[in-house]
Amino acid sequence: MRTAYSVETVRAAERALMAQLPPGALMQRAAAGLAAACADLLGRTYGARVALLVGSGDNGGDALYAGARLARRGAGVTAVLLSPERAHAGGLAALRAAGGRVASAEEGDRAVRRADLVVDGIVGIGGRGGLRPEAEALVTAAEGALVLAVDLPSGVDADSGEVRGATVRADATVTFGAYKPGLLVDPARERAGALRLIDIGLGPHLPRVPAAEALQHADVAALLPRPGAESDKYRRGVVGVVAGSARYPGAAVLAVAGALHGGAGAVRYAGPAADAVVTRFPETLVSEGPPSKAGRVQAWVVGPGVGDDAAARRALDDVLASDVPVLVDADGLRLLSEETVRARDAETVLTPHAGEAAALLGVTRARVESARLSAARELAARFGATTLLKGSTTVVAAPGRKAVRVNPTGTPWLATAGSGDVLSGVTGSLLAAGLRGLDAASVGAYLHGLAARSLGGAPLTASGVAGALAGAWEEVRGRSEE
């Protein structure tokens, strides 16, 4: 599992480690890893032209020491100092001793434009707000060159992933000791490029519980339900689906498709789109009466395409009155009562996109999209429900839990009609199989993204993603056993 820690936590761990090491040793570890990453990105060192954008903090020192190592290996290195009087003295001396050049911000434009690699050491993990004008001008001049960020792209918020102004857009980011939450969450993630973690020995000094975490194949494989020799459809999990309407029968079909391909032992459908569902999936058990009369289920999915009329409200209330886990999506979210959800004994999972989350929180969509971690945490706390916030980075937060899960398998091609209905069905099937809300939502999002990726970098449909889910299961299990 990939774990990320807040700036405050990382700094505390660094202080604890530095107390055990000779002065400067920790920065040298970081610089060695950074120099190796620069060489890998360049493909060669001798004769390469490297421009260092150097701020006043430790990131600038890391860049200067790494630049000295590259200069000793034959690279032409120029350090562009944004605050010459506050540049790291030891790093600056090391660079000059290795044959590197130093330029002011005013003189650095030419060096940046000619560089094969630009190293962003402008602002460290404690930076807030966007780049200052002189830094922004240099970053603009670097367009066309490879850009490697030190610890994180300057201008982004390390803890939240928020962007408040101009930032560096890196091809790769080398981060030290631990991932920072902002590197895993858009909009910052998109600016970080390929991530590389350099181990500098912080592990023993970091707490057990991170601020954010991202599942990997082995984690998902360990959570996937596996039928035993004596399994029947009830032991595997029966999920009930309340979705679709006369206007949106396809929502019912897609939610059922996600549930069936997500591993459910059986799917019970209750709603007005029974004919469309059975035509596509004859194995579905259908009912046109209220959900409570549909038969035994271990979890419910309610909301996709149900509309907002009185019948939809009655169906939602009926489902929420049950004693099994319930996933609420789409139209169901617009009809949702905070008090009703908080009063439930069984788990509730909410799966809003940014617009739906904004409506539930009473804020703008732009605010949710710019601060995805805090929005998911707030929804989980307010409703007392696990919240899967869909979007460019899918985030899962559980009430009372510090660590937020971030899904690493998403792809922009999932921004297509019906994709969320499939995700609801997958997650509902995992709830019915007995996974707790946090795990069901995280694994559902992981498989959903993996299925989409398996279809290649081309336009896809929600139906196609549902059909690819079985392959995603096999890929997870196969890779985890390698």
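A: The largest cavity holds about 50 Å³ of space, and this is a predicted model, in which local features need pLDDT of at least 70 and side-chain atom pairs count only at pLDDT 80 or more, while totals for chains, interfaces and linings use all residues. Residues are numbered from 1 along each chain as its sequence is written, and side-chain values use heavy atoms, with hydrogens and water left out.

Q: What makes this space a cavity?
A: On a 1 Å grid over the protein atoms alone, a cavity is a set of points where a 1.4 Å probe fits but cannot get out; grid points are joined across faces, edges and corners, and the volume is the space filled by probe spheres set on the points. By this rule there is 1 cavity of 30 Å³ or more.

Q: Which residues line the largest cavity?
A: A lining residue has an atom within 4 Å of a point, and those of the largest cavity are L215, T394, V396, R405, V406, N407, P408, A441, S442, A445 and Y446. Two or more residues each come from β18 (404–406) and α19 (437–454), and α19 gives the largest share, 4 residues. Helices (H or I, at least four residues) and strands (E, at least two) are DSSP runs, numbered from the N terminus.

Q: How do you know that β17 and β18 are paired?
A: Two strands pair if DSSP finds at least two bridges between them; β17 (residues 395–397) and β18 have 2 bridges in the antiparallel sense, so they meet the rule. Within this pair, V396 stands opposite R405 in β18.

Q: What does α19 touch on the sheet?
A: Contact means heavy atoms within 4.5 Å, and α19 touches β15 (348–350), β16 (386–389), β17 and β18. The direction of α19 makes about 15° with that of β16, where axes are lines fitted to C-alpha atoms, for helices over the stretch in contact, and angles run from 0 to 180 degrees between N-to-C directions.

Q: Why are β1 and β12 at the edges of their sheet?
A: The open sheet of 11 strands has the order β1-β9-β18-β17-β16-β15-β14-β13-β10-β11-β12, with mixed pairing. Both β1 (2–4) and β12 (285–287) have a single partner strand, so one side of each is left without a neighbour in the sheet.

Q: In which sense do β6 and β7 pair?
A: Strand β6 (residues 146–150) and strand β7 (residues 172–176) pair in the parallel sense over 3 bridges, and A149 stands opposite T173 in β7.

Key
On a 1 Å grid over the protein atoms alone, a cavity is a set of points where a 1.4 Å probe fits but cannot get out, and a pocket is an open set with protein on both sides within 12 Å along at least five of seven lines; lining residues have an atom within 4 Å of a point.
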